[in-house]
Every structure is written in structure tokens, then in C-alpha cells.
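Welcome to the tour. Keep your viewer open and your selection tool ready, and we will go from stop to stop.

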Amino acid sequence: MPLNPQLIAKDWLTTFSVAIASNDSDAVAHLLLPDGWLRDILIFTWDIRSLEGREKVASYLSNTLGLAAISDVKLDESPFLAPREFPLPQKQTTGVEAAFTFKCAHGHGRANARLLRDENGDWKALTLMTELRDLLGHEELQTLSLRDDLTGIPGRDMREEFSDWVDEVETKPYVLIVGGGQTGLHVAARFKQMRIPALVVERNPRVGDSWRKRYPSLTLHTISRYNSMLYQSYPSNWPEYAPRDKIADWLEQYATIQDLIVWTKAELKNTPVYNPASKDWDVTILREGFEVKLRPAHLVFATGTLGKPHIPDIPGLDLFQGQVMHSQQFAGAAAYAGKQVVVVGAGNSSIDICQDLVLGGAESVTMIQRSSTCVLSRDYVAQQLRASYPEDVPLPIADFKWASFPVGLLRKIIIANQQSAWDANKELHEKLRKGGLQISMGPKGQGIYILSMERGGGYWLDKGGADMIADGRIKVRSGVSPQRFTEGSLVLSDESEIPADVVIFATGFTRMRDANRDILGSDVIDQTDEVYGLDEEGEIQGSYRPSGYPGLWFATGDFYISRVMSKALALQIKAIQLGLLEHNGRRPVANSRQHG
């Protein structure tokens, strides 16, 4: 008998509405499967939470359900969100997915639910995401402000009003965003549409230079649609895997098109000081050699999820007659033609550089793999992403649906079905094993996506490197690590010796939190939570929510993460600005949500 998604969704939502109106947290929890998940973004607390199982959900809602004041629950019947069937091949079943809107204590909310039959045949939610969409009376603007035609309106001048706004932001920013890469620009663009005066400071001469300084062969490893910019998608003829310089140039023009206020050649001169009484920061910016004093209420650090380059301390470096560098300093293979090159590390940067060196005519290229690597075909991952980000679905809708699937549940599903990844990449893995590479699917088989969020390393998406490893053009030494340098070689932990003219360390970066210790000071940093990686609920640590120190926030992650989570950050800061949220720098506990 075919499913009737509309009827199933309406029946479930009617029961949900009754439970909400009755302030019955247990009844709401029992609308989930026993192992169902609730992801809550700023509805029941001013926090971002993911909870698994009815007991945790009921406990979470016991003191917060009534305070959220959810009402006027309506099924969303718009074209891309109307109830529909969804396949869940991992569980060999089909369910019903539905979205709905509602009013809540501070504004407008929306939700997404994926329903499956339980053992009794009743429809229960595998996932339920609730999300604060807008603050009442302070909704996100849908067009660029101060850019509408004012011709013919007495006393109005568009250029003059825009110029006045720029002056106001540059002298009295409510938020100072440190870092003008894609994350900082996403946050700034979102803040602008939320009427939050925000100034971006970028130490490089041009927006996009953080990309231009990477190795020349760098391209995005995932599809362009997943890596789109907020409000402004790429042209229809954009490369599927955009190269470094195209991304850099796109970011530069994005800042201009979105009317973002960005100071280049600008950085914090000394340690900012927070004033608890006035609730703002005393900040000195060094801008093109001149000092500028500012008093923002908030600092958002978007200086890169990865911090400073990390090179292990290896004895004998002073003896080595060759060249040593971090992968960040690698400027292309041309300079190393005819040379013996050793690349330490076995992640995305390592394989990209090794391939470049082979094609550039290096005499020999040896990869040092210290521990196993998760390697999947780039085409295999692209196929999965295209299923979640189809071209015929608006990007904000695709983002909404992807965000509604808790990472903790995704991890469990990937682990349970890891054999399918092994099977799909069998030929690739045979080539890599032939060349001596150790392969894994990450801890417990959790795969590349979770690794990228937990570690930011330990994996690569293959685009031809496996062939070079299989035929020996890239030699692999696995299960060993560098122990010491000699004048002309690198000695490994098994006492073998590799002749080398050049050693490139593709050994990752320090944590973002530690990378900013020098500028913020240990007194401040030691009060903050860890930044990036996943917490016990599967949410990103210390990012887009209170850091542990008042007025200090961190923005991290890939294009998708900052594109989506910039809204949650904007809502919190806007609520603080409006006096709806009392901010002390710490995350709220579930039973102490404040209401204005």
C-alpha cells in the first residue's frame, strides 16, 4: 500500500501540537523513536544541542518546553518542503520527511522531521530539528540594505546614506570580525543582513590572499555547490572543483558585491582588553601602519579552523644541507625538478604535493605515512554530496535539510554501513595497498566527513594519486616516523635512511584556540572552551556559541558550516544587542533560558 506523506505528516504534527500545548515533555519525547534525535538550535535554550533518545530529550524539555512558548504550528507545504517520502537505505526502509513552522518566545521558528514506523507500526521521528529562524521585529533582510533606488524621494540620497553607514561601521562597529577568509566573510554578510554593524580586519593585502598563499595545485576537494557562498552562488559554468586562485578572486569580489566593510593590511596590534562594566573591548588595530582605536562589544575570531603550521621538532635539522619547509610554504613543483623529495604526512595536502612533484619532474618522491589514512575516491564522495545538494533544489533548502540530520546519528549510520564504502572503493584501495599504504575508515569506521569535523586531517579524497602510488612514482614508507636528520638524508624510526634534497612537512596545523593565544593572552584563552572538533553530542566545540569568555566568539568550519551556522551566531549577538539575552560568555544550562 503506497504511503500518504501528507496524511502521515499531518497526523504526527497534530499530536505534536497537542503535546506542546499541554507542556508535556514526555509526550513530545515519545513522538520520537526510542533512539530518535532532537537537534535544537536556539528554541528551547540559547544554545545548540543534539540529544539522542527519549530520556535525554524529555529531560532537556522538562524545564524549557513551556518557556519556549511554541504556538501556531503549521505544516510547510511549499514546493521543496512539502511532506514527501525519503529513502533510508541504511535501514532498508522508507520514511516521510516534513517541515513545519511555528511561533515561539522570541520570534519565528521552523522544524524538520523524518518519520519512520516503530515496531508497532506507529509513525515516530528518527530526527527532529527545531530552529530559531528570526527574532520578532528584527527579521533578516532579503535584499542589500541602502541600495534601493531613492530617486525622486525628497531628502533622500542613496550614495550619501550608504557612505554614512560605512562611516558608522568603521568608527563604531558593534562586532569586530578578525579574519577575512570565507568564514569571516560569511559571518559579516549574515550580520549585515541582520543589521549588526560589523567590521572585518584582514592582515593580508587582499581579500583571498589566505588562499593565494597555499600551494599552486590546490583545488577544492568537494563539489562547488557544497562550497557555495552565502546569498551568492557561483556561476552556472563554475568549475566543479574550483582551483585556489578562482576561490581567492571570488572571495575578493564577494566582499565588494555584498557591501562588506573589510580593512586589509590590518591586524590587532596588541592584546584586546574586555571591560565588564561597559561590556565592550578596548582594541587597537594597526591598519597600513596607522593605529586605530575601536570599542566593539564583540570579537569574532574567524582566523581559520586550522591554526599555525606544525612541524615536529626533529634532531639534526642544523646538520641537514637540504631544504625543509611546511606544506603551507610549498610554492609549486618547478623548483624541485631533478631533486629527491620526502613528504612527511599522508593527508590531502601531502598527496596533492606528491602528485605535483611527480608531474613536475622530481627525481624521487617519498611519502612518510605515520599512521593509517582514510582514503576515498573524490568521485564517490561527490556522488553522495550531489544527492544531498541536487541542482534543482534551492541551496538554502538543501542546507536546511542537511543541517537537520544530527552529526551523531550520521556517525552511527556511517559506522554501521562502512562496508558499503569499502566495497565502492575496493579498486582504489587495492592500488594503495600495492604501494604500501595503510588504509582505514577512521576510528570505528566513521569515515571522511566525521574525520574532517573531528580532526581536520587523517584522510584524503583521491584524484589520481593512487595510480602513482601503485606504479611506484610515489613511494610510501608506512608505519614509521622521522627520527633525525643527517647532512643529506632523513632517518626514520626503523633506522632506515632516505636520501633527501628537500623535506616537506604536511603535518597539519595547531588548534585555532592555541594559535590565538599570543594575541588574546593565556588569561583569556584558558577560560574558553576547546575550539572545533565535536563534543559528546556531535556539535562543533566552541564555535558559533559562547566561548567561555564574554564578548568573544569563534567561527570555524568549511563553507557549508559557516554558511549555515553564521545565522545562529547572528541571532545570539542580535539578541544580546536587543537585551533579550544576558551574556556572560558561558553557555546556558537547559533550565535557565532568559526571556525578555
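Select Arg477, which is partly exposed at a relative accessible area of 24% (buried means under 20%, exposed over 50% and partly exposed in between, with a 1.4 Å probe and protein chains only). This is a predicted model, in which local features need pLDDT of at least 70 and side-chain atom pairs count only at pLDDT 80 or more, while totals for chains, interfaces and linings use all residues. Residues are numbered from 1 along each chain as its sequence is written, and side-chain values use heavy atoms, leaving out hydrogens and water.

Arg477 lies in strand β23, and Asp494 in the loop between β25 (489–492) and β26 (497–499), 17 residues apart (strands are DSSP runs of E, at least two residues, numbered from the N terminus). Asp494 is partly exposed too, at 39%.

Next, show the open sheet of 5 strands, ordered β17-β27-β18-β19-β23 with parallel pairing (two strands pair if DSSP finds at least two bridges between them). β17 (323–326) and β23 (475–478) are at the edges with a single partner strand each, so one side of each has no neighbour in the sheet.

For the last stop, pick Arg545 and Asp535, whose side chains form a salt bridge at 2.7 Å, N to O. Buried or exposed, where does Arg545 fall? Arg545 is buried, with a relative accessible area of 2%, and Asp535 also counts as buried, at 10%.

Terms used: Helices (H or I, at least four residues) and strands (E, at least two) are DSSP runs, numbered from the N terminus. A salt bridge is a side-chain nitrogen of Lys or Arg within 4 Å of a carboxyl oxygen of Asp or Glu.
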